[in-house]
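Let's take a walk through a protein chain together. Have a look at the sequence and the fold below, and then read on.

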Amino acid sequence: GQSVAKLVRDVRRVMEPYTASSLKERKNNRVKDYVSVSSHLGTSHLLIFSQTEAGTNLRIGRIPRGPTLYFKVNSYSLTKDCLRLQKSPSVSDIVFKTSPLIILNNFAGEDKGKELKLMTAMLQNMFPAINPSTMRLSDARRVVLFNYNDSTGLVDFRHYNITVKPVGVTKGVKRVMLAKNVPSLSGFDDISEYVLREAFASESDVEDGPENAITLPQDYAGRGNTKNEQRAVRLQELGPRMELCLMKVHGGLCEGEVLYHKYVSKTKEEIAADSRNRQIKLTNQARRRQEQEANVRRKKQDKEGDDGSDASDSDGSDGDGDMQDSDNDVIVEKPSKGRLAADDFGVDNYDPNEDSDSSDEGADDAVEEEDEDGDVEMEDRKPSKRAKTS
């Protein structure tokens, strides 16, 4: 429903900045669609939320070949619900510009099963590795906690913001140190009244005591958080919250051999039979794929052969047409230049002596004879339009 869609947005924000924030999902999308674009987006894991009548489920798979962890989400709380419980929540977009740290609590142990070791490796590889010797302290702004409960077998998911507070001072002085603007003292006769008004130790002041203080090795975000200063580390929950139960583990990406199942256990013979059936299925799929590729190549070759024969036929027809044109050029006799001029301008206005550049007498006689023949021919044809003479 809508609440699950909001949970997806909250979890995607937890994974910032290394997540596909602009990816748009559709109902008809399949796992292979996301795998095909994973290389372009630079994603290594796939988190899939689904909702059924039985409840909400979460699948965490390693791209492109698995494995895949199947969780049942027993309960969850959205980010807005977690912030609503706080007295003065404050969330800045700056903290989401760096990836969060990851804490895995109570996952190690000799009595833990193989599925828990696999879960530990999967959750750890979802977040980028850090190098403490080269890491900047100001980049540690958030932390993600996975806590395994031995008694219930559930995994608790939490998301916190890291802040540091001054130690060894009262709440009033702390407000003055952390405030951007000087507080109003109009209601006090002396500043000591403002300082001593909240001199009592609250629960948070006890947590920020000197025994819980650390020395900052580098400058940290915030006012006055410089190197070698004494500060107390505080965690502010950002949300969301989830309570997860591991149901099963697949060897592939949402498919393949079932490595672990919470409620189903098989004997060695059943596991071997399943493995043989899986190999037979994969062999049949590979054979069908080869047959399809061979059919595609054969059809492509046949199509290329048909195109080649059509091209040769068209070349032959063009050659015949050229020969016919050359024959027509031989048979048809084009009229002479003088005759074209007589047709265009009329016999009465046509002067053949204007077109003759030769001064030879024989040439003039030849032109006159040709012109006379041309005049006779023009008179016989009786042109429909003649130029008027003055």
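Predicted model: local features only at pLDDT ≥ 70, side-chain atom pairs only at ≥ 80, totals over all residues.

Residues are numbered from 1 along each chain as its sequence is written, and side-chain values use heavy atoms, with hydrogens and water left out.

The chain has 10 helices and 10 strands; these are DSSP runs numbered from the N terminus, with at least four residues (H or I) for a helix and at least two (E) for a strand. Of its 390 residues, 26% count as buried, meaning under 20% relative accessible area with a 1.4 Å probe, protein chains only.

Now look inside. In soluble globular proteins, nonpolar side chains tend to be buried together. A nonpolar core is a set of buried Ala, Val, Leu, Ile, Met, Phe, Trp, Tyr and Cys residues joined through side-chain atoms within 4.5 Å. The largest one here has 28 residues, and Phe71, Phe107, Met119 and Phe146 touch the most other members. Among the elements giving two or more residues to this core are helix H1 (2–14), helix H4 (114–125) and strand E5 (142–148). Apart from it lies another core of 6 residues, including Val143 and Leu216.

Which residue does Phe107 pair with? Its partner is Tyr148, in an aromatic pair that is tilted, with 5.9 Å centre to centre and 45° between the planes. Rings of Phe, Tyr and Trp (its six-membered ring) pair if their centres lie within 6.5 Å; planes under 30 degrees apart count as stacked, over 60 as edge-to-face and the rest as tilted. The pair links distant parts of the chain, 41 residues apart: Phe107 sits in the loop between strand E4 (101–105) and H4, and Tyr148 in strand E5. Both Phe107 and Tyr148 are buried.

Finally, find the second largest pocket. On a 1 Å grid over the protein atoms alone, a pocket is an open set of points with protein on both sides within 12 Å along at least five of seven lines, and lining residues have an atom within 4 Å of a point. This pocket is lined by 41 residues, of which Val8, Arg12, Glu25, Leu46 and Leu47 lie nearest its centre. The largest share of the lining, 7 residues, comes from E1.

Definitions and conventions
Buried < 20%, exposed > 50% of the residue type's maximum accessible area, 1.4 Å probe, protein only. 1 Å grid on protein atoms, 1.4 Å probe; cavity = no way out; pocket = protein on both sides within 12 Å on 5 of 7 lines; lining within 4 Å.
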